[in-house]
Amino acid sequence: MQLSLAILSKKAIEAALGYEWIKAIELNSQILEKYPNNLETKIRLGRAFIQLKQFEKAKKIFKEVLSVDPINSVALKNLEVAKNKKVELKHENGINSNHLLKEPGTTVEITANINCKGVTGRDFTIGECLKFKIKRRGVEVYKSKKDKDILVSILEDKEIVSRLNKAAESHAEVSGYVIRSADKSLTMIIKSSIPIFRSEKQDIRPYIKKGLDDIDLEDEEDEEEEEIVEE
């Protein structure tokens, strides 16, 4: 029985998180046999090559990605790593692989624009923990950088905001982790300690504010709103 792209990708990610680089190469290569133009898979494959010090193979795969997407920040970063023949001794900040696993009802995957000036996809790593401030009208997403929390995006999708507010009202724990990042976009998984999300068969497309400058800090109603949760 042939496994789906989603299942194979999940297995490939789990292999990488478990430092099983040979297995990761096998799984990603298997995906590319069926989906030869899948850039995310090529990036995972290239990173596995780097970990096994197969730098020439890594450079080749990242150049293939860049021939299709010349501004892919992840590919550009890793191509330089391969050229410099560096191996990451600690994988993605030593994260727990369970953080990136989806569970029905308690997790949701969402993609947001990075609206903070001076912050790009290169500033994030897979598994990096994000912080949230849950408000009635939106959810602010923060990145920790040099002991400071930087506002990088605001989620305003009514479905997501409503459900996270319910989690906050129930005093549930809410956390977020980076799955992948591009030049000015960020894909994260949001986890709740209680079931609040619908089954992820539907495509959730959040509305993200076009720019943080659009926030009206003098809006009296906004000033009166209390932050429900601040991690």
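Cys-129, by comparison, is partly exposed, at a relative accessible area of 40%. A disulfide is a covalent bond between the sulfur atoms of two cysteines. Searching the whole structure turns up 0 disulfides. Keep in mind as you look around that this is a predicted model.

Let us step back to the overall layout. The protein chain contains 7 helices and 7 strands. Followed from the N terminus, its elements read α-α-α-α-α-β-β-β-β-α-β-β-α-β. The chain has 231 residues, and 45% of them count as buried. Its accessible surface amounts to about 13300 Å², with 49% of that belonging to carbon and sulfur atoms. Among contacts with a separation of 6 or more, 65% come from residues 24 or more positions apart.

Lys-77 belongs to helix H5, which covers residues 73-83, and is partly exposed, with a relative accessible area of 37%. Now look for Arg-122: it is 45 residues from Lys-77 in sequence, yet the two C-alpha atoms are 7.4 Å apart in space.

The backbone here deserves a look: phi of Lys-53 is near 60 degrees, a positive value in a residue other than glycine. Lys-53 is also exposed, with a relative accessible area of 59%.

His-171 sits between helix H6 (158-169) and strand S5 (174-181). Although not a glycine, His-171 has a positive phi of about 60 degrees. Its relative accessibility of 73% makes it count as exposed.

Finally, a word on the aromatic rings. The structure holds 0 aromatic pairs. A ring does take part in another kind of arrangement, though: the charged end of Lys-143 sits over the ring of Phe-124, at 4.7 Å from the ring centre.

How values were computed:
Residues are numbered from 1 along each chain as its sequence is written. This is a predicted model: local features need pLDDT of at least 70, side-chain atom pairs count only at pLDDT 80 or more; totals for chains, interfaces and linings use all residues. Side-chain values use heavy atoms; hydrogens and water are left out. Rings of Phe, Tyr and Trp (its six-membered ring) pair if their centres lie within 6.5 Å; planes under 30 degrees apart count as stacked, over 60 as edge-to-face and the rest as tilted. A charge sits over a ring if NZ of Lys or CZ of Arg is within 6 Å of the ring centre and within 35 degrees of the ring normal. Helices (H or I, at least four residues) and strands (E, at least two) are DSSP runs, numbered from the N terminus. Buried means under 20% relative accessible area, exposed over 50%, partly exposed in between (1.4 Å probe, protein chains only). Contact means heavy atoms within 4.5 Å. Accessible areas come from the Shrake-Rupley method with a 1.4 Å probe; for residues, only the protein chains shown count as cover. A disulfide is a pair of cysteine sulfur atoms within 2.5 Å.
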